[in-house]
Amino acid sequence: MAQHAAHKNRTLIAAIGDEDTVTGLLLAGIGDVNAQQQANFLVVEAKTTQEQIEDTFLAFTKRPDVAIVLINQHIAESIRGILDEYDAAFPTVLEIPSKDHPYDPEKDSVLKRVQLLFGD
Amino acid sequence: VAYITGDIGYQVRENAKRATFKVAAKQENVSGVLLPAFEAEVRAGAGQFELTGLGRGGQQVQRARTAYVAAVAMLVELASLQTAFVILDEIIKVTNRRVNAIEYVIIPRIENTIAHINSELDEQDREEFYRLKKIQSKKKERAARAQKEIDESARRAIADGNLHQAVGGDTPAARDLLAEQADEDVIF
């Protein structure tokens, strides 16, 4: 797997979430802006379009230095189609709850795959 | 909702320049599968947010920061497990396909070849057996005929009154018991 050679360089944790989630994560220190002025985080507000979220998600997953992508579950819901299609090992996509939306394991793409595996 | 400390969110976002919380990847070999695992790495430069909110409710901000650091550490562990799962899932599928291919394609083919080879060997065995039996019977026939001729010529000689010839002094076929019997092959 060619990915394994490259994954040693994956060190960043990217984040797509609402304002509070992203602020908190940035406080923890995951925020990074590289030389091309690309940030590894996106704050999703009311005026953020679906397309922007999709594009950012795809951009994060294509970056070679991103190891984990954290995404609020209610935002993950809006791009559920792309998430369900995503099955690469790197970067790992984790769905996290937000202040207003508690975590629902029924909706998690990865857990759905777990069920598929245990179902057969 | 308005907070006394103002919108530190904006401040935090603008100040995020280089990541101080990173992950280091390492490989682990689990029953033949190379699984990656993430380890949280917190750099010493974590002081970038120490002054955030200073003088304006900073203690709560620091508490929030500690909580988030712990949360992210746990998330890193979860991410390791999730990656391991995704990779194992893929490998299980591939292995299942291989098992099915071997079980339903390769093994029947080889079994057919074995059966074919066995039947060929049996047939050759039968042919060989038949051949040997044939040779045996032919030899017996020949020996019986030769014996008949010798008896015939001996009888003629006796009828002619030539006893010496009857006993086989001149006959090319030697009436030597040992020489006759030495020829037979041992056939099962």
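Predicted model: local features only at pLDDT ≥ 70, side-chain atom pairs only at ≥ 80, totals over all residues.
Colleague: In the salt bridge of A:Glu45 and A:Lys47, what class of accessibility does A:Lys47 have?

Modeller: Side chains of opposite charge can pair when their charged atoms come close. Here the side chains of A:Glu45 and A:Lys47 meet with N to O at 2.9 Å. A:Glu45 has 34% relative accessibility and counts as partly exposed, whereas A:Lys47, at 66% relative accessibility, counts as exposed.

Colleague: How many residues apart are B:Glu141 and B:Arg145 in their helix?

Modeller: B:Glu141 forms a salt bridge with B:Arg145, and the closest N and O atoms are 3.7 Å apart. Both are partly exposed, B:Glu141 with a relative accessible area of 43% and B:Arg145 at 47% relative accessibility. They both lie in helix H2 (residues 58–160) of chain B, where about one turn of the helix separates them, that is, four residues.

Colleague: Why is S3(A) largely enclosed by the rest of the structure?

Modeller: S3(A) pairs with S1(A) in the parallel sense over five bridges, and A:Leu12 stands opposite A:Val66 in S3(A). S3(A) also pairs in the parallel sense with S4(A), again over five bridges, and there the bridge partner of A:Asn72 is A:Ile96 in S4(A). The strand is largely enclosed because the number of its residues that are buried is seven of the seven.

Colleague: Where chain A meets chain B, how many salt bridges does the rule find across the interface?

Modeller: The contact takes 40 residues from chain A and 35 residues from chain B, and the area buried between the two chains is about 3400 Å², with 67% of it given by carbon and sulfur atoms. The count of residue pairs in polar contact between chain A and chain B, both at pLDDT 80 or more, is five. Although a search of the whole structure finds twelve salt bridges over all chains, the number across the interface of chain A and chain B is zero.

Colleague: Which element gives the most to the side of chain A that touches chain B?

Modeller: By class, the side of chain A that touches chain B has 23 nonpolar, ten polar and seven charged residues. The elements of chain A that give two or more residues to this side include strand S1 (12–17), helix H2 (19–28), strand S3 (66–72) and helix H6 (109–119). With nine residues, the element that gives the most is H2(A).

How values were computed
Residues numbered from 1 in each chain as written. Chains lettered and ligands numbered in written order. Heavy atoms only, no water. Contact = heavy atoms within 4.5 Å. Buried area = accessible area lost by both parts, 1.4 Å probe. Salt bridge = Lys/Arg side-chain N within 4 Å of Asp/Glu carboxyl O. Polar contact = N/O pair within 3.5 Å; in protein donor to acceptor, adjacent residues only side chain to side chain. Nonpolar A, V, L, I, M, F, W, Y, C, P; charged D, E, K, R; others polar. Buried < 20%, exposed > 50% of the residue type's maximum accessible area, 1.4 Å probe, protein only. Pairing = 2+ DSSP bridges.
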